[in-house]
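These are my notebook entries on a single chain, set down in the order in which I looked things up. The structure is shown first.

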Amino acid sequence: MASPRTLGQVPTPKALVDFMVGLAEAPLGGKVLEPACAHAPFLRAFREAHGTGYRFYGVEIDPSALDLPPWAEGFVADFLLWEAEGGFDLILGNPPYGALGAGARLAPELRRLYRKRFATWRGRYNLYGAFLEQGVRLLKEGGSLVYVVPAGWLVLEEFQKLRRFLAEEGALEVFYLGRAFPGLKVRATVLRFRKGGKGFALYDAEGLAAGKPPALLLEGPFWHGEMVRFPHPEALALEKEGLPLGRLFHLHFAARSPEIKAHPLTRLEPGPGLVPVLTGRNLLPGRVDYETPYSGLYFPREAAPLLKPFYAFPHLVVGHTRHYRVVAALDERAYPWREEFHLVPKEGVRVDLDGLVDYLNGPEVQAYYRGLYREVVPHLTRPMLERLPVPPHLL
């Protein structure tokens with residue numbers, strides 16, 4: 001993988017390259033492409049494993065990094081804007097990754113060009129999503145793509161369009177690797193996609209580094225791009241027994257930092273009538289730390305509803321980024337916040353809020369969360385929270 005900010009290369013472990021090459025196939029004489037190839041580790045490994053009877057190509061945006069063997073044809077180009085002649089039978093590799101939202105260090109005109117070019121672009125998109133779409137579009141009918149990419153696309157909302165695109169364009173197998181890159185926290189997946197087919201399969205490949213073969217977790221002929229969750233009997237049983245949190249509560253997100261900083265009532269120093277603007281670090285299991293000014297911002301407590309109307313009254317707060325845990329507490333003082341989910345009961349809903357807080361912080365919910373989502377992303381998304389089941393005894 002590589003960062004779009006630095007173009008720095010992160011080498012793919014040899015065992016992972018060999019695993020992906022084992023998944024890859026192309027007809028003799030077929031065209032094999034490695035995007036963002038640098039010295040073409042995947043082309044070299046494929047040729048060693050499958051032989052010389054193929055036509056090999058590599059694309060690399062950094063001319064100083066391009067180092068192809070003489071039997072491969074190289075192109076110095078931005079793969080996302082590259083116009084190739086004819087389709088490819090196999091595309092495989094390790095695309096670069098990095099957010100392509102407004103904060104990315106990307107020329108505005110290039111960001112606009114990417115946004116216009118890629119139908120799967122949504123919100124704070126990621127470079128590897130665009131590499132996936134471009135790769136699929138460059139495949140011949142019946143051709144296949146094998147990529148290793150971060151696992152976030154399985155669940156994050158900004159990849160809704162990408163998941164639907166993949167479901168519409170062909171058959172997909174996903175191998176969940178967990179932490180596959182030494183020294184990196186990112187969790188990874190290998191995708192094997194066949195253009196023009198149908199169906200979906202999910203495999204557990206976390207034991208790959210220890211020599212364990214992938215284990216099939218689920219498969220089916222119909223997948224329409226829904227969020228991908230791991231089958232976990234106890235978690236699914238909880239969902240059958242309870243009501244989804246999203247049916248009971250309005251789910252809001254806190255005011256954003258730019259909005260708070262731009263408000264004329266915001267102060268950088270404490271003063272009469274001012275309270276700290278709370279962040280995720282102030283949210284603890286079952287309680288709120290009202291004293292520590294982690295944000296460095298202060299705001300009049302009585303004016304908090306000017307930021308968000310639900311700051312006007314006590315309500316439930318659930319952590320957004322708590323590293324594979326669900327953390328919740330009641331904000332009984334109704335303070336201003338700049339982070340986290342804020343839950344307000346829907347009209348007519350009666351919930352034991354104290355009991356709900358204990359339940360959300362308890363082992364049953366932690367097992368539910370880790371069982372269905374493992375460590376795909378370190379934060380709780382809105383769709384995850386909406387589906388979290390509330391047991392009947394708390395209603």
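**Entry 1: Val136**

Leaving aside its neighbours within four places in sequence, with which residues is Val136 in contact? I took contact to mean heavy atoms within 4.5 Å. On that basis I listed Leu145, Phe165, Leu166, Glu169, Phe193 and Lys195 as the partners of Val136. I placed Val136 in helix α4; helices here are DSSP runs of H or I with at least four residues, strands are runs of E with at least two, and both are numbered from the N terminus. Val136 counts as buried because its relative accessibility is 1%. The classes I used are buried for under 20% relative accessible area, exposed for over 50% and partly exposed in between, with a 1.4 Å probe and protein chains only. For Val136 and Leu166, which are 30 residues apart along the chain, I noted a C-alpha separation of 8.2 Å.

**Entry 2: basis of the model**

The model is predicted, local features need pLDDT of at least 70, side-chain atom pairs count only at pLDDT 80 or more, and totals for chains, interfaces and linings use all residues. Residues are numbered from 1 along each chain as its sequence is written, and side-chain values use heavy atoms, with hydrogens and water left out. I read pLDDT as the predictor's confidence in each residue, on a scale from 0 to 100. The chain has a mean pLDDT of 93, and 96% of its residues reach 70 or more. Residues 1-8 have pLDDT below 50, and this stretch has 26 contacts in the model beyond near neighbours in sequence. Where pLDDT is low, the predicted coordinates should not be read in detail.

**Entry 3: the chain as a whole**

I recorded eleven helices and 19 strands in the chain. Along the principal axes, the C-alpha atoms fill a box of roughly 75 × 45 × 35 Å. Of the 395 residues, 53% are buried. Among contacts between residues at least 6 apart in sequence, 73% join residues at least 24 apart.

**Entry 4: helix α5**

I then turned to helix α5, residues 160-169, in which Leu162, Arg163, Phe165, Leu166 and Ala167 are buried. These buried residues pack against α4 (127-138), β6 (170-178) and β7 (188-195). Gln160 also belongs to α5, but Gln160 is partly exposed because its relative accessible area is 25%. The C-alpha atoms of Gln160 and Arg194, 34 residues apart along the chain, are separated by 19 Å.

**Entry 5: α6 against α10**

Two packed helices are described by the angle between their axes and the distance between the axes. For α6 (residues 233-241) and α10 (residues 363-373), I noted an angle of about 115° and axes 8 Å apart. The axes are lines fitted to C-alpha atoms, for helices over the stretch in contact, and the angles run from 0 to 180 degrees between N-to-C directions. From α6 the contact takes Ala235, Leu236, Leu238 and Glu239, and from α10 it takes Glu364, Tyr368 and Leu372.

I also asked which residues of α10 are buried. They are Val365, Gln366, Tyr368, Tyr369, Gly371, Leu372 and Tyr373. Their cover includes α6, α9 (353-361), α11 (382-387) and β19 (389-390). Arg374 follows α10 and has a positive phi, near 50°.

**Entry 6: positive phi in two loops**

Ala38, a residue other than glycine, has a positive phi near 50°. Ala38 sits in the loop between β1 (31-34) and α2 (41-50). His323, likewise not a glycine, has a positive phi of about 55°, and its loop runs between β16 (315-318) and β17 (328-331). Is each of these residues buried or exposed? Ala38 is buried, because its relative accessible area is 9%. His323 is exposed, because its relative accessible area is 53%.

Lys261 lies in helix α8, residues 257-262, and counts as exposed because its relative accessibility is 54%. Apart from neighbours within four places in sequence, I found Lys261 in contact with Thr266 and Leu297. Lys261 and Leu297 are 36 residues apart along the chain, with C-alpha atoms separated by 7.8 Å.

Finally, I consulted the UniProt record, an unreviewed entry, which lists residues 276-390 as "domain: TaqI-like C-terminal specificity". UniProt positions are in the numbering used here, feature names are shortened, and annotations may be inferred rather than shown by experiment. I noted that the span is 23% helix and 20% strand, with its end C-alpha atoms 32 Å apart.
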